[in-house]
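Here are a few friendly notes to read alongside the model. They take up helix packing, cores and some backbone details in turn.

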Amino acid sequence: MTKGNLLIVDDTPENLQVLSATLSEQGYQVRGVVKGKMAIRAAKSAQPDLILLDIRMPEMDGYQVCEHLKADAETRDVPVIFISAIDDVLDKVKAFHVGGVDYITKPFQVEEVLARVEHQLTIRRLSQEVRDRNQALEQEIQERRKAEKAAADASKAKSEFLANMSHELRTPLNAILGFTQVMSRDVQLTPEQREYLGIINRSGEHLLDLINDVLDLSKIEAGIISLYETSFDLYRLLDNLEEMFQIKAEQKKLNLVFTVAPNVPQAIKTDAKKLRVCLINLLGNAIKFTEKGRITLRVNLATEALTPQNQSDTDSLSAFPPRLRFEVEDTGPGIPAADIDHLFDAFVQTETGQKTAEGTGLGLSITRKFVQLMGGTITVSSVVGNGTIFKFDIKINPTDLYPLIPQAHQRVLCLEPNQPIYRILVVDDTPENRLLLIKLLEPIGFEVREAANGIQCLTLWESWQPHLILMDTRMPMMDGLAATRQLRLKEQKRVSQPNSDSDFPKTIIIALTASAFEEKREEILAVGSDDFLRKPFTEEQIFNAIAHYLGVRYRYQELSDSLPRSRSSYSIQEKPDSFFCSELSSLPSAWVIEVAQAANQLDEERIAQLIQELPPEKAELAQALTDLLHDFRLDVIVRVTQAVINHS
């Protein structure tokens, strides 16, 4: 294989022969010419890798030859080494000026020529490699730009598809879930009919959960989901979750236990919706896969983030802002180690999950994404046959700005007397949605009218002056955003007119949307809407929004509580053994022995009777034992009573 193609230009044949022979022996392919013009033609016909060029030649000297070569796009990149008997500095400078890369003085040494030729060929080869790599890199950059543009277009198309799909799915669900609420108000319903309504409502909510799973994951993948931190009542959220899952747990004869440390603040600031989704996913899975035993949710504060290497809890709070730690423990079949590595992957279900044939395989993937979004980490530990523990922590900001109002189990019955007649305009292009709101609001005492699009809305606003508008955002002819924008402009013009009534009331506009995107909120509020509700909404959300903005007062129907909603129902912090041993040692040994026997026999009723026998000065011990009893911690009662018995 040749080491390179060389062109030698020298008007002395002897010099040509010597150089050609020497370089050929070293593995180079050599051509020789004796005139400058011949050199130019030879270089263009078969481009060499390097040219050795004499300076003094008849007709055209080496400088002129080099200038011609460098002026031609085909030969300008061929390196030229001048080789000449001229040793003057100015000649050497001129050689480099016209484009030469090196200069060899005659008489030359063969070794020097070989070294300089190899050096220049190496430079040329490396330069070519750099150019090739740069060209490949440029091509890769262009391909990546095309791919990024294609990905952006696909993401935009996906977002539009999500928006359309969300609207198309949530709109009929709004009617299904809404009319079950309207029908449940009928006092003449039989128990069987109420049961059927409950089935319809639960099935609709289950479908909504599945839709939300797919939409949430799609939004996460598209990078269009954000954190919306608000102040809220953590205890109320836990109460609602306990009530939600208590029925499911009772159906499977499982014990559902919520344990909250006393130092957990009641009002916190984080993304309430995402926290609720995480807990629903974990508790739902725990109940689904557990056939006997208990499901436990523990909530406490930790001073450091949870990591796979550090899964221990911290009881005391020494850092700020604090981290809220959640643990969901079950006594289910456990998860094999081989499945844990892929547990949080989208659309992946464990062998146990596949047997249940339920869900989408997205719950844990979404939970991990949401936990990370809230500044935390989620871990899992499991023993096959014994159960599983999921732990996650999130950053929280304690707040005292949230009004902690007790939430009663009530349903709006009607308006209180001696109030104005409130006019409410329902604007929606779907007849079922308009009918739903009319049937929900009219029986309460509101005067309601309807419009099918933004144009009809503006006409009715001019003639009827509603106090409040429930405005759908997506409608034909004129959508809700455009209608809201125009309505606000009309209000401004009316106020700015001479002799106008400066006390002209502003119409409250509450946007109703089936969009999957929280980000739409900013756009909706920016055009002049006062608030934002997502379909499917609950009657409670509608009535609360109206009361908030119009100041209306309702009469309520008290509903039966299926579960206590006070913090004491789940906020249990076990006392240390030293407390029990100290308190129990001062009591009659016969009483302690009887408590131990009842605990060993799992006789909860007898333990409760014995606790009632404690004197008033032992109220703290009585409460602590009662907490253990309610938390099904008979093992702790056995342990502390046995310790006192053994010590005595």
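1. Helices here are DSSP runs of H or I with at least four residues, and strands are E runs of at least two, numbered from the N terminus. The two axes lie 11 Å apart, at an angle of about 25 degrees; axes are lines fitted to C-alpha atoms over the stretch in contact, and angles run from 0 to 180 degrees between N-to-C directions. H7 and H8 are therefore roughly parallel (under 35 degrees; over 145 is roughly antiparallel, 65 to 115 roughly perpendicular, and the rest oblique).

2. Before going further, please keep in mind that this is a predicted model, in which local features need pLDDT of at least 70 and side-chain atom pairs count only at pLDDT 80 or more, while totals for chains, interfaces and linings use all residues. Numbering starts from 1 along each chain as its sequence is written, and side-chain values use heavy atoms, leaving out hydrogens and water.

3. Which residues touch the most other members of the largest nonpolar core? They are Leu324 and Phe392, in a core of 46 residues. Such a core is a set of buried Ala, Val, Leu, Ile, Met, Phe, Trp, Tyr and Cys residues joined through side-chain atoms within 4.5 Å; buried means under 20% relative accessible area, exposed over 50%, and partly exposed in between, with a 1.4 Å probe and protein chains only. Elements giving at least two residues each include H7 (234–251), H8 (272–289) and strand S10 (323–330). H8 supplies the largest share, 10 residues.

4. Leaving aside residues up to four places away in sequence, Leu324 has contacts (heavy atoms within 4.5 Å) that include Leu234, Val299, Phe392 and Ile396. A separate core of 28 residues has Val412 and Phe537 among its members.

5. Two cis peptide bonds deserve a look. One runs from Lys106 to Pro107, with omega near -5 degrees, and Pro107 sits in the loop between strand S5 (102–105) and helix H5 (110–183). Another joins Lys535 and Pro536, with omega about -5 degrees; Pro536 is in the loop between strand S19 (531–534) and helix H16 (539–550).

6. Lys253, a residue other than glycine, has a positive phi near 60 degrees. Lys253 lies in the loop between H7 and S7 and counts as exposed at 74% relative accessibility.
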